[in-house]
Every structure is written in C-alpha cells, then in structure tokens.
Amino acid sequence: MKNQVKTLGRKINPNSARQIRLAELEAKRTNGELRRGRPVVEGSARQLRIAELEAKRANGTLLRGRPLNPNSKSFKRKLELINKRLNGTLKLGRPKKQIDVVVEVPAKVKSVKKVKSIK
C-alpha cells in the first residue's frame, strides 16, 4: 500500500482571482518588495524632528521630562537629603520609639474601714 496524504477542506482552484492575488503577494514578500503601512515622506517636519532627536540621543544631550525648579519646596528637600547622604549624616530606617516614663502616684484614700481583730 502506498502512503497517501489526504488534505482536509475544500479543493483549491489555483486559477481563482484570490489564489492568484495570494501567489503575487507571496512572491513580493520573498523578494522584499512588499511594502506595508503608510509611506514615509522624506523632508517632512516630523522626519526632521525625529532625526534631530536621534542626533541628541546619540550625543547624550537629550533632556527628558520637565525642567526642575530650584526654588520649589520639594527640590530643596531632595537636595538636603542628597547632601546628608554624601556627608554620611542621614539616618536610615525607622526612628526609635520614644519611651515616656510614667510615674503613678497613689490616689488619696477617702475613708479607712475598721476591721475587728480576732484574738
């Protein structure tokens, strides 16, 4: 007996318009001619900006985020913490619990009960 591979599904007509289009797309894909997505317009404002950003990124001069305000409260606090870290005066961890010493004073006795003594 010969081994025959049975294909599942409907039979494919190789001359149909869909199969011809799929074959053309596969041929373009193998040749590297298939272009997908929107084409890039060289010299556009966006392309110039992207090139400028790439140049800054390569130089290391690209600034990211909002500029710092040296007069703000949080900036001053962070600068203080950095200086303390550099000096070695910054205490790490949770602060110790402060123990308050409470001295109890006995209250005054209002009345004294007399107790009979047994002889």
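Here are some notes on this predicted model, point by point.

1. Ground rules. Since the model is predicted, local features need pLDDT of at least 70 and side-chain atom pairs count only at pLDDT 80 or more, while totals for chains, interfaces and linings use all residues. Residues are numbered from 1 along each chain as its sequence is written, and side-chain values use heavy atoms, with hydrogens and water left out.

2. Overall layout. You'll find three helices and zero strands, running α-α-α from the N terminus on. Helices (H or I, at least four residues) and strands (E, at least two) are DSSP runs, numbered from the N terminus.

3. Burial. Of the 119 residues, 0% count as buried, where buried means under 20% relative accessible area, exposed over 50%, and partly exposed in between (1.4 Å probe, protein chains only). The accessible surface comes to about 13,900 Å², and 54% of that belongs to carbon and sulfur atoms. Accessible areas come from the Shrake-Rupley method with a 1.4 Å probe; for residues, only the protein chains shown count as cover.

4. Helix H1. Residues 17-31 make up H1, whose 15 residues reach 21 Å from first C-alpha to last, close to the 21 Å expected at 1.5 Å a residue. The expected span is 1.5 Å times one less than the number of residues. Gly32 follows H1, with a positive phi near 85 degrees.

5. Glu26 and Arg29 meet through their side chains at 3.0 Å, N to O. A salt bridge here is a side-chain nitrogen of Lys or Arg within 4 Å of a carboxyl oxygen of Asp or Glu. The two residues are about one helical turn apart, because they sit three residues from each other in H1. Glu26 is partly exposed at 42%, and so is Arg29 at 49%.

6. Salt bridges in H2. The structure holds three salt bridges. Glu52 pairs with Lys56 at 3.8 Å; they are four residues apart in H2, so about one helical turn separates them. Arg57 pairs with Glu54, with the closest N and O atoms 2.9 Å apart.

7. Leu63. This residue lies in the loop between H2 (45-59) and H3 and is exposed, at 78% relative accessible area. Leu63 and Leu53 are 10 residues apart in sequence and 10.0 Å apart in space, C-alpha to C-alpha.

8. H3 and beyond. The end C-alpha atoms of H3 are 21 Å apart, which agrees with the 21 Å its 15 residues should span at 1.5 Å a residue. Gly88 comes after H3, again with a positive phi near 85 degrees. Val101 is in the segment after H3 (73-87).
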